Amino acid sequence: MRDGNGGAAVRADDVTVALDGRTVLHKASLHADPGEVVALLGPNGAGKSTFLKAIAGLLPYGGSVFVGENEVSSLAPRQRAKRVAYVPQRSLLRSTLSVEEVVALGRYVHAGSFGGMSNECAEAIEHALVTAHADGLRERIFTQLSVGEQQRVLLARALASDAPVLLLDEPTAALDVGEGLAALRLIRKLADGGHTVIVVVHDLADARSTTDRALLIQEGRVVERGPTSEVVSADPVRRVYGVELIENARIGFESSDEGGQGHR
Amino acid sequence: MSRLLYPVLFALLLAASALAVLVGVGDLGDANLRQTFLALRGYRLASAFLAGAALAVGGVVVQGLFRNPLASPSVLGTTAGASLGGQLALFGFALTGGVSSVIVPEMIVPLGCFAGALVSLAVLLVFLRVTQDLLALLLTGFVLSALFLSLSAFVISMAQETWELGRAVVAFSLGSVSGAGPRQLLFALPLLFTGLLACWFWGRSLDLLLSGEEEAQAMGADVPTIRWWAATWVSVLVASAVSVGGNVGFVGLVVPHMLRPFAGTKHQRLIPAAALAGGVFLVACDIIARVIPSKSEIPLGVVTGLIGAPLFLMLLIRLRKEHAYA
C-alpha cells in the first residue's frame, strides 16, 4: 500500500474451518485495525495457518470475515486480492522466473490481459522491491535465491498488489538471526505506514518484540487474547506450551545499526 | 541472446521453407508437373508449420496448466483423444448418411478432434483435484493415450465394413502432413489463430498458476476458470494440429524446453516464440522424413519421436534428481 491508499480493518467472527471432515478451527475471532500488527501464536498444528488462510479467503469457512466493508468469501478473487495480500511461508514456484517477474505477478489484479505494463504498475513494482529490500535481487532467478532472500521477494510480491491488509505465515521461520530481525523491523514499519498486519509467529520473543496484540491458539481454539505482553506471559505459556517463561532471559539480539550485516 | 531470438527463428523459417519446397520426391525440372509438385509441397509445408505451431504452444500451455515440465499434448493423451474424436466424427458422418452438401468431412473432423482433446484434458483436470503428484499425472496421461489408441483401433475395425469409410478413417488415423489439402487448411487455420490468440490472452493468468493453486488464488487468480479456459484453448490448438497432421508426438515437449533459455518462462513471451519455433521444428522434421533413404517415406511421428523420446527421458532423470515440483 503506497501513500494515498486508505487502510482497512479486519474483523473475523466465529470462524470455523473443517478440513477433510475434521474441524481444525473452532469459532475463532479476531479484530485488527490499520497500523496494528496482530500475532497468531500457538504450538504446531494448533490452527494458526488455517486461521490465516481463512482470513485470506483461501479456505472455505463458517462464520464471517470482513475486510473493511466486505465479506471476504463474497468477493471475486480479483477484488479480494486487491484488499488482502497473503505471503506463504515458502513459495511453490519452481519455474525460472526472475525476481522482477515474480514481483510483477503481484500486480495481476491491476493489470489488463493485453499489452505491456503501465507506468503505475512499474512504479508499484519498484516501490515494493525497494520497500522489501529486494531491489538488489531483481535480475536474479527466484529459485536460486536463499530462503531469506526468497522471503523478501515474496513480501515484495505481496506489497506490489497495494493491498492494505497483509497476512504473513511465519515470515521469520527459516531466517537467520540477522535476517529475522530485519524482517520484523520491516513488518513493524509496514504497519506504521498504515497496513493492517496479521502474522503467524513461531518465536514468542519475536512476537513480544514486534506485535501489538496476540491470539494464542491451542487445538483450534483461541485460548488467550490481548496485548502481546500479556498473552506471552508465564501462565498462558505454561498452560499451552508446557514450558516456563523466563523474563529478561540472558541472550537477546538487536540490530547493530540501520544498515548492518547486509540485511538492512 | 534473447534479442536475437526472433531474427534467428525467422531465418530458420526461411531456410526450412526453401528446403521444404525444393526437397522431395518429384522432379521440379519437369515443366508439366512443376506446378503440381510445388502446390503439393506448399500445402505440406503449411500443414507442417501449422501443426508444429499449434502443438508447441499447446505444450507450453499444458506445462503451465499442470505445473509439469514433462507435460505435452501427446504425453498427456490429448492428441490421441483428438485423433479418436476425429475418427468418431468421420464415422458418425458416414453413419448419418454423409449426404448433406453443406457439411463436408473437413469441417466435422476438427470438431470431433476438439471434443476428443477436451475430454482427455477434462479427465486430467478432475484427476488434478485428487493428487498433484507429477508422475501420477504423466502415468494417467499414458493410460489415457493407450485407452484412446485402442478405442481408435476398434473404430478402425468397425469402419472396415464400408470400404470407403475404412479408407478415410485409416488415412486420417495414420496421420501425415502430406495428405492435407487446401480444404483441411482452410478449416484448421482459423482454429490455429483463435487458439494462439486466446492462449496468449490467458498468458498472465497461466504465469500465476506456476506458483501453485493456493498462491495463485491469493494473488487474485480464479484458478478453476483459468484451468478450464486454458484446457479449452489447448483443445482448439490440438484439434487444428491433428486435423491436418494426425497424431504427431513430442513437438509440445521438445520446443518449449529448447526455447525457455532464450525466451524465458513468462507465457506471453514464450507463446509467440513457441508458435514460430514449433512451426520451424516440424517443417524441419518433415524434411528429414523425406530425405532419409527408405523404400517408402518415413512417417513424421517417427522423426519427432526419435528426437523427443530421448529428451523426455533426460528431463525425467533431471527432474528426479532435482526433486523439482515435489
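Visitor: Which residue in β7(A) stands opposite A:Val84?

Guide: Heads up, this is a predicted model: local features need pLDDT of at least 70, side-chain atom pairs count only at pLDDT 80 or more, and totals for chains, interfaces and linings use all residues. Residues are numbered from 1 along each chain as its sequence is written, while chains are lettered from A and ligands numbered from 1 in the order in which they are written. Strands (E, at least two residues) and helices (H or I, at least four) are DSSP runs numbered from the N terminus. In β7(A), the residue opposite A:Val84 is A:Val165.

Visitor: In which sense do β6(A) and β7(A) pair?

Guide: Strands count as paired if DSSP finds at least two bridges between them. β6(A) and β7(A), residues 165-169, share four bridges, and their sense is parallel.

Visitor: B:Arg67 has a positive phi without being a glycine; is B:Arg67 buried or exposed?

Guide: B:Arg67, with phi near 50°, is found in the loop between α2 (31-65) and α3 (78-95) of chain B. A residue is buried if 20 or more other C-beta atoms (placed from the backbone) lie within 10 Å of its own, exposed if 12 or fewer, and partly exposed in between. B:Arg67 has 22 such atoms, so it counts as buried.

Visitor: And what does A:His133 count as?

Guide: A:His133 is no glycine either, yet its phi is positive, about 55°. The residue is found in the loop between α4 (119-131) and α5 of chain A. With 19 C-beta neighbours inside 10 Å, A:His133 is partly exposed.

Visitor: Which element supplies the largest share of the side of chain A that touches chain B?

Guide: The contact takes 22 residues from chain A and 20 from chain B. On the chain A side, α2 (77-83) and α3 (99-105) each supply at least two residues. The largest share, four residues, comes from α2(A).

Definitions and conventions. Contact = placed C-beta atoms within 7 Å.
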